[in-house]
Amino acid sequence: MKMKILFVTYASANGRGGHLHSMLHISDFISGFYDTKVLSLGNGDSCVLKASKNYIGSCIVSDVKSIVKLDNQLSQKLESFLPDIIHCFDEYAFFLCIHSKKFRSAKFVFTKCGGPSSPNNYWFYADNIVLFSAENYKWYQNKKQYKKANIQLIPNRVNELMIGDLLPHGIKRNENTFYFMRIGRIGINYKSSILSLLGLVDTLQNAFSIQRKLVVYIIGVIENDIIFQEIKEVASERRVNVCFITDERTIHASQFLSLADCVLGTGRGLMEAMSLKIPVLTPVVNNQFPVLVTNSNFNDFLESNFSPRNYISNINKEEELHRIKEMINNEQSFNTIKNETYTLFKSRLSIDSTEDKYKRLYADTLSRKKTYHLINSIYLIKYIIQHLWM
C-alpha cells in the first residue's frame with residue numbers, strides 16, 4: 001500500500017507567495033510515487049494550489065468558530081483519505097494541524113521555505129524539518145532544542161519551465177538588443193533591486209564599450225505608485241531604456257522569461273530563469289550592483305537562499321562588472337554562462353533530483369516517535385490572535 005501524504009499550507013484565495021509555488025511543485029512531484037493530496041487553510045481556494053491535480057480544496061480558517069469546526073471541515077475534505085504524514089509549509093498550518101484530533105495518529109514534516117533564521121532561542125518545535133537554505137540549516141543544527149530532530153537541507157524545489165510564446169503578447173525580440181529583466185511587485189520590497197539594476201545598466205552604457213543596445217523589462221503589479229514614478233524618473237535621468245508590464249499579464253509573468261537574455265532575481269524566480277538556461281543576476285549586500293551567478297559564487301548564494309541577504313566575501317567589484325560586460329559583448333562567453341547556469345540548476349535546484357531524499361525523509365519520519373511540546377500550543381494562540389484580530 002502506498003504511503004499517504006497530505007500537503008497543507010495557510011493561503012488566501014488570491015495569495016501567490018513563493019511557498020505556495022514550492023508546495024505545488026514538490027507535492028506534484030511526490031505524487032509520482034506516493035498517494036498525495038493538497039489542502040489549503042484560509043479564506044478560500046488558493047489560486048496557485050488549484051493548479052495541482054491533487055488539490056482537494058480549502059478549509060475555511062477565518063474566525064474562532066471556523067477554527068473550532070476545523071476537524072469537521074477536514075473530515076469532509078479528506079473523506080476516506082487517512083494520511084500517514086502531514087507535510088506543512090508554514091507555521092500557522094503546522095500549529096493548526098498538530099492540534100487537530102483528525103491527525104492524532106499522523107506524523108508531521110515542517111518545511112521552512114526561506115527567510116532569516118529565528119532570532120529567538122527556542123522558536124517552535126517540529127520533529128522533522130526540511131530547509132531550503134544553508135543559513136537556516138546551520139541555525140537549527142546549532143540549537144540544542146533540535147538535537148533529536150530530523151533536519152534535512154533540500155533546496156531543490158523548482159520544475160524546469162518550458163519556453164513561452166511571446167507572440168500573443170505582441171512582443172518581439174531584436175537580436176541587436178540585450179534584454180535584462182526583473183519580475184516582481186513594484187513596491188518597497190523590490191525597489192532597491194530594481195534601482196540597482198538600473199544603476200548597473202547605466203554604468204555598463206557609460207563606462208564600458210557595449211556593442212549592443214541594452215533594454216530593461218520590469219514586470220510586476222504596481223503596489224506603490226510613488227515608487228513606480230520614482231523608478232521611471234531614475235530611468236529617464238540615467239537614460240536607461242525601460243519597458244514596464246504592469247497589467248493582468250503579470251499573473252503569468254514567467255511566460256516573459258523567454259524574452260530575457262539575463263534576469264535579476266531572488267529565490268525561486270531566479271531558479272525558474274536558470275531552468276531556461278538564462279544567465280541570472282542576484283543582489284549582494286556588499287556590492288552596489290547585482291552579481292552574476294556562477295560556479296564560483298553559487299554556494300555563497302545558496303547559503304542565504306538567493307535572497308537580498310546575499311553576501312560574498314572578498315568580492316572583486318571590477319571583475320564582476322567585467323564578467324557581465326563580456327557576457328553581453330561575447331557570444332562564446334554568453335553561451336558558456338548559459339550552459340553553466342543550466343548545469344547548476346539541474347544538479348542543485350531541480351526537484352527532479354530529490355526522489356531519494358524525500359523517500360528517506362518520509363521513511364525516517366514514520367519510524368520516529370512523535371513528540372509534543374507545550375510551546376506549540378502557545379504559538380498556536382499567538383497565531384490565532386495575529387491572523388484574526390490584528
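Guide: Partly exposed, in this predicted model, describes a residue whose relative accessible area lies between the under 20% of buried residues and the over 50% of exposed ones.

Visitor: Why is Lys 191 called partly exposed?

Guide: Lys 191 has a relative accessible area of 21%, and because buried means under 20% and exposed over 50%, that value falls in between.

Visitor: What makes the contact of Lys 191 and Glu 230 a salt bridge?

Guide: The side chains of Lys 191 and Glu 230 meet at 3.1 Å, N to O, and since a salt bridge asks for a Lys or Arg side-chain nitrogen within 4 Å of a carboxyl oxygen of Asp or Glu, the pair qualifies. This pair links distant parts of the chain, with Lys 191 in helix 6 and Glu 230 in helix 7, 39 residues apart. Glu 230 is partly exposed as well, at a relative accessible area of 29%.

Visitor: How do you know that Arg 185 and Glu 223 meet in a salt bridge?

Guide: Their N to O distance is 2.8 Å, which lies within the 4 Å limit, and therefore the pair counts as a salt bridge. Arg 185 sits in the loop between strand 8 (177-183) and helix 6 (188-207), whereas Glu 223 sits in the loop between strand 9 (213-219) and helix 7 (225-237), 38 residues apart. Arg 185 is partly exposed at 36% relative accessibility, and Glu 223 is partly exposed at 46%.

Visitor: How do you know that Cys 97 is in no disulfide?

Guide: The search of the whole structure finds 0 disulfides. For Cys 97, the nearest cysteine sulfur belongs to Cys 88 and is 4.4 Å away, and because a disulfide needs two cysteine sulfur atoms within 2.5 Å, no bond is assigned. Cys 97 is also buried, with a relative accessible area of 1%.

Visitor: Why is Cys 262 called buried?

Guide: Cys 262 has 0% relative accessibility, and since buried means under 20%, the term applies.

Visitor: What puts the buried residues of helix 11 on the same side?

Guide: The buried residues of helix 11 are Ser 333, Phe 334, Ile 337, Thr 341, Leu 344, Phe 345 and Leu 349. They cover an arc of only 110 degrees around the axis, and so they lie on the same side of helix 11. On the other side, Glu 331, Gln 332 and Thr 343 are exposed.

Definitions and conventions. Residues are numbered from 1 along each chain as its sequence is written. This is a predicted model: local features need pLDDT of at least 70, side-chain atom pairs count only at pLDDT 80 or more; totals for chains, interfaces and linings use all residues. Side-chain values use heavy atoms; hydrogens and water are left out. Buried means under 20% relative accessible area, exposed over 50%, partly exposed in between (1.4 Å probe, protein chains only). Helices (H or I, at least four residues) and strands (E, at least two) are DSSP runs, numbered from the N terminus. The arc is that of the directions from the helix axis to the C-beta atoms.
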